[in-house]
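Hello,

Here is the structure I promised to pass on. Please open it first, then read the notes below it.

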Amino acid sequence: MARLAGLPLSVRLSGVWVLAMLAVAILADWIAPYDYAAIDLRNRLTPPIWMTGGTWLHPLGTDDLGRDVLSRIIYSVRTSLAVALLGTIIGAALGTSLGFLAARFRGWVDDLVTMAIDFQAALPFLILALAALAFLGNSLVLFVAIMGVYGWERYARIVRGMAFAAQAQGYAIALRTLGASSARVYFAHILPNIASAIIVNMTLNFPETVLLETSLSFLGLGIQPPMTSLGNMVGFGRDYLLSAWWIAVCPAVVIFVTTLAFSLLGDWLRDYLDPALRGS
Amino acid sequence: MTEVGLLELRGLRCRFASRGIPLIAPGTTVHAVDGVDLTLAPGEILGLVGESGCGKSTLAKALMGLGDYQAETMRFAGQDIRAPLDRRPRDLLRRIQYVFQDPLDALDPRRSVLYQVAEPLLIHGLASGAEREARARAALRDVNLGADIEVKFPHQLSGGQRQRVVIARALVLAPEVLICDEPVSALDVSIQAQVVNLLRDLRDRRGLTILFISHDLGLVRHLCDRVAVMYLGRICETGPIEPLFERPRHPYTQALVAAIPPPHPRLRKPLKRLIGEPPRPGSPPPGCRFHPRCPLCEAACRTEPPALLPIVGAQHDGAQQSVACHVARRGEALPC
């Protein structure tokens, strides 16, 4: 644990923030002062506590229906983190597997994967997501699946290239001459060697997934009311941006700080996971 | 060449094809190894020498089933092993092991030494859990590595330690043949000696058969029983170490032997330098491949490729010296 002492402040703060967000997500039912759908009509559009008219009843104010912004943020963090994390993990797993398949079998499998990558990259994803949600109907499962499909092509492209390079390296050839199966070579050896690139891409992909969730929820095709998410809150808060800015700004700040914290942590993790950089 | 070998190779050809650009540049095919016969007797250390690009490593990789190769015969203990690596029986992958030139490249940078040495046992399902680790530790002891390096990663080791880890990883499967592709050329001279002595010791103790590829003739002379000299994809001379180094017949071997630095500067002889560069393997010269650089070149050398044939009377303890040279075979141009 001596290593932790030398951590930069930004990484420590990021770690604290991410842990706090995870705690909030897990403990939402216990720490939220109100239910996210509870309406307090007598206290509509109450400003946050530090502004005149603020009340301790609603520390971050209320929205147009008198719903407590703090409680809604707490539940939104749970929804958004769950959706974005699941989506990021699905995307990473999908892209990595396809990248490995392309590198392992080459030939037409590689051509097919490369074509799919180019196809996906050329597609305006938001429109594809809108179409899928419109035609297939909105459900949480489908929404998470769409988040998972988002960005897989970047993992696939990175992994394919790195796997091609890695499988030509001595250790991969050595393992083959030792009789190792492809699964062993790719998942037990090449994967740890390229994990840093995947993790970095995940930290880049995560905030984008949050933003995609925001966009879709803003357009009314994401998380559906009465469920709440950070994006959905920003979307609904937009109408009151001039009169009651806190409805949109509070969740927006949470989005910003959380994505920044994940990126900083990911950066640090990449260096930490690289034994050549870790120093002996 | 009638001895029965543990590893027998006849007519090996290894190809490298470049695809070219349609309508602009035609694809080309290079035979990096073009008709090589080799036999390794059990318990023998055979040195394979030659300059960079002559096809030594390609030959070694073909023996492991890597690359694009064809052979009339490729047998191990009587069994046909012409199949490429992916289709070889698992048992064969255990019995023939390969030691790579660059040990840092041959080891996974993210796995501990003990894991990587134990892994072949896991792959072949030969031992479980604690026994696997015990056997890996034993293999590390066999190559004179202490217990302190078990938990280390490859980048934390010295070059010699790394190469010994690679050798330990090969030895843990108790192979019969070790193919060493320039195992010491990336190492310091002092460490080279450690590794070479280790290989010799392993042969003496375990009867391991070793194909030792090198461009360092001094090392080959120190370690090997027999040597095969390769030039541009073909074997030009082969024979037992001492007679061949005492009396090389092929002009190329003569030049190589003359280029070994003597132990003392006063013993230095005037160098017979070879003129010119080796031709490109893509367009090898007709006839004897050495003829454009050969001081003894005759008319026949330009048209007719010489076969590798035994030299009459050059037999030593049952090992035959053979040469592929028209002139040397006639016995006209034996220098000194």
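**What I found**

In chain B, B:Arg111 lies over the face of B:Tyr115, at 4.5 Å from the ring centre. Please keep in mind that this is a predicted model. Chain A has a contact of this kind too: A:Arg104 sits over the face of A:Phe105, 4.8 Å from the ring centre.

Next, the ring pairs. Over all chains, the structure holds 10 aromatic pairs. One of them joins A:Phe125 and A:Tyr150. Their ring centres are 5.0 Å apart, and the planes make an angle of 50°. That makes the pair tilted, because planes under 30 degrees apart would count as stacked and over 60 as edge-to-face. A:Phe125 belongs to helix α5 (residues 125-136) of chain A, while A:Tyr150 is in the loop between α6 (140-149) and α7 (152-167) of chain A, so the pair ties together parts 25 residues apart in sequence.

Are these two residues buried or exposed? A:Phe125 counts as buried, at 9% relative accessibility. A:Tyr150 counts as buried as well, at 17%. The cut-off for buried is under 20%.

Ring pairs also build a cluster in chain A. Its members are A:Phe100, A:Tyr186 and A:Phe187.

Now to helix α4 of chain B, residues 113-123. How many of its 11 residues are buried? The count is 9, so the helix is mostly covered under the cut-off of 20% relative accessible area. Among the buried residues are B:Val113, B:Leu114, B:Val117, B:Leu121 and B:Ile123. B:Gln116 and B:Glu119 are on the list too.

What do the buried residues of α4(B) pack against? From chain A, the partners are α8 (170-177) and α9 (182-218). From chain B, they are α2 (90-95), α5 (129-142) and α6 (159-171). After α4(B) comes B:Gly125, with a positive phi near 60°.

Last, the strands of chain B. Strand β1 (residues 7-18) and strand β5 (residues 73-76) pair in the antiparallel sense, over 4 bridges. Here B:Arg10 stands opposite B:Thr73 of β5(B). β5(B) also pairs with strand β6 (residues 79-80) of chain B. These two run antiparallel and are joined by 2 bridges. Across this pairing, B:Arg75 stands opposite B:Asp80 in β6(B). The hairpin of β5(B) and β6(B) has 2 residues between the strands. In that hairpin, B:Ala77 takes a positive phi near 50°.

Over to you.

Best wishes

Conventions: Residues numbered from 1 in each chain as written. Chains lettered and ligands numbered in written order. Predicted model: local features only at pLDDT ≥ 70, side-chain atom pairs only at ≥ 80, totals over all residues. Heavy atoms only, no water. Phe/Tyr/Trp six-rings, centres within 6.5 Å; stacked < 30°, edge-to-face > 60°. Buried < 20%, exposed > 50% of the residue type's maximum accessible area, 1.4 Å probe, protein only. Lys NZ or Arg CZ within 6 Å of the ring centre and 35° of its normal. Contact = heavy atoms within 4.5 Å. Pairing = 2+ DSSP bridges.
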